[in-house]
Amino acid sequence: MVAQDGIGVLLRAIREDAGRTRDQQAKVVQEAQGGRWFDWENIKRWETEKRLPVPDWHETIARAYGLSVADVQRAVAASRQQRRREKEDVKRRRFFGVAAVVGATALPGIAQAREGIDGALAEAGPGDLAYLESAFERHRGGYRGRAPDDVLAEMQADLTLLGQVLNQPHPASARADLARTAAGIAGLVAIVQHDRGDKKDAFRWFATAEKAARESGDRRMTAWVLARHAMVPLNYGAPEVAVRIAARARRAVGQMPTAAGALAAAVTARSLAAIGDHRGARMAVTDAQALIERLDGHQVDDTWFGYPAQKHFVHLSQAYTLLGDTEAAYAAQDAALDLTDSPSVMTRALIAMDTATCLRLDGDPSSSAEMAAGIFDRLPTPYRDGLIRSRAAALHQTLGGRPRDLLGQALT
């Protein structure tokens, strides 16, 4: 049965014989991988063969369904062979249909060769895959002085191509690489939407990015997506949610010293500080500092995927500000500015907003409001909504009297 049936038929039959629903089977799969997060939609995808399980899933599937890994591999191979047969059938029907209409007498071999070439051109070849990888590398560098809307506009054509390529069949190894690229590009869009203040769309893009990262089997990519995702609830008023998402990121990456792990620790520190867990926040700061000391190479690149010292100090500035430790916050702000050599409008404005908040904490609300209002007044129009406004609005809520009115006027 296993050698002849495809993976979809096999998994569906086992589940139905056990009297389980898809949701119940998904719980079994999650338990088989030690309780780690599992996208329950995978059950439907595998049973309908909309997606064939990549090799990283074979052992988990075997445990969850009472099979051997060889059983799973044979069933996946049978499904892949059936797909090839169906594809060839479609090509043959197209050829004979055209021949019947025009009364063709050309050699079938020549016509079939053209059909094969034409079919290959309709699909994503190595060129498309290589281009998308290069697009991912190109876009991950950050704003570099560009406004968020301009970055999204530059990504539009690549997003369209990515959608087309994802809907075409690929060998398992190419599919895994493509899924990783999709996770990265989707995560970049989510970051920009977060910065623009479109929280709902940022959540959606991060959900898509996480799904792609899980499919790719790349734990570092999964951890990066989750760590960046945690910043959405952190920066928009839901720090407890941020703590949970950041914890998932740290579990995904384990003990490996990675940029994603350091970022997740920093986000944890900020989130815990925001909910008043000062002891936990300081422990997370220590974790982040220990991790950054072990990073090297591309892990410390000044990109959206790296965690350089400059980015670390930006996070420390916010963490210490939330902790009320203004002395440490001022030191982190100075260090971050010393290391900020790119024309980052957003980074500089966020650091300045932290400084304004520290002035309030130090008992000078007038200087705090004046500084924050001045920052906001000087912002280019594309930056007046989103993350910087959110930070300024949070400060506005803590002020009273004339300082509150002054900053409120700037925000209107």
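This is a predicted model: local features need pLDDT of at least 70, side-chain atom pairs count only at pLDDT 80 or more; totals for chains, interfaces and linings use all residues.
1. Overall make-up. The protein has 20 helices and 0 strands. Of its 412 residues, 49% are buried. Among contacts with a separation of 6 or more, 65% join residues 24 or more positions apart.

2. In soluble globular proteins, nonpolar side chains tend to be buried together. Here the largest nonpolar core holds 60 residues, and Leu188, Met221, Trp224 and Ile388 have the most contacts inside it. Helix α9, which spans residues 172–196, is the main contributor to this core, giving 11 residues.

3. Leu188. This residue is one of those with the most contacts inside the largest nonpolar core. What does leucine 188 contact once its neighbours within four places in sequence are left aside? The partners are Phe136, His139, Arg140, Met155, Trp224, Trp304 and Phe305. One of them, Trp224, also belongs to the group with the most contacts inside the core.

4. Rolling a probe the size of a water molecule over the atoms shows where empty space is left. The model has 3 cavities of 30 Å³ or more. The largest cavity has a volume of about 610 Å³. It is lined by 32 residues, of which Tyr143, Trp304, Lys311, Ser344 and Thr347 are the closest to its centre. Trp304 is also among the contacts of leucine 188.

5. Lining of the largest cavity. Two or more residues each come from α9, α11, α15 (309–323), α17 (345–361) and α19 (387–398). Helix α17 supplies the largest share, 6 residues. By class, the lining has 11 nonpolar, 12 polar and 9 charged residues.

6. Second largest pocket. This pocket contains about 460 Å³ of space. Its lining has 14 residues, and the closest to the centre are Gln33, Arg36, Trp37, Arg214 and Arg219. The elements giving two or more residues to the lining are α4 (55–65), α11 (219–235) and α12 (239–253). Which classes make up this lining? There are 7 charged, 4 polar and 3 nonpolar residues.

7. Helix α11. This helix gives two or more residues to the lining of the second largest pocket.

Methods
Residues are numbered from 1 along each chain as its sequence is written. Side-chain values use heavy atoms; hydrogens and water are left out. On a 1 Å grid over the protein atoms alone, a cavity is a set of points where a 1.4 Å probe fits but cannot get out, and a pocket is an open set with protein on both sides within 12 Å along at least five of seven lines; lining residues have an atom within 4 Å of a point. Grid points are joined across faces, edges and corners, and a volume is the space filled by probe spheres set on the points. Helices (H or I, at least four residues) and strands (E, at least two) are DSSP runs, numbered from the N terminus. Ala, Val, Leu, Ile, Met, Phe, Trp, Tyr, Cys and Pro count as nonpolar, Asp, Glu, Lys and Arg as charged, and the others, Gly among them, as polar. Buried means under 20% relative accessible area, exposed over 50%, partly exposed in between (1.4 Å probe, protein chains only). Contact means heavy atoms within 4.5 Å. A nonpolar core is a set of buried Ala, Val, Leu, Ile, Met, Phe, Trp, Tyr and Cys residues joined through side-chain atoms within 4.5 Å.
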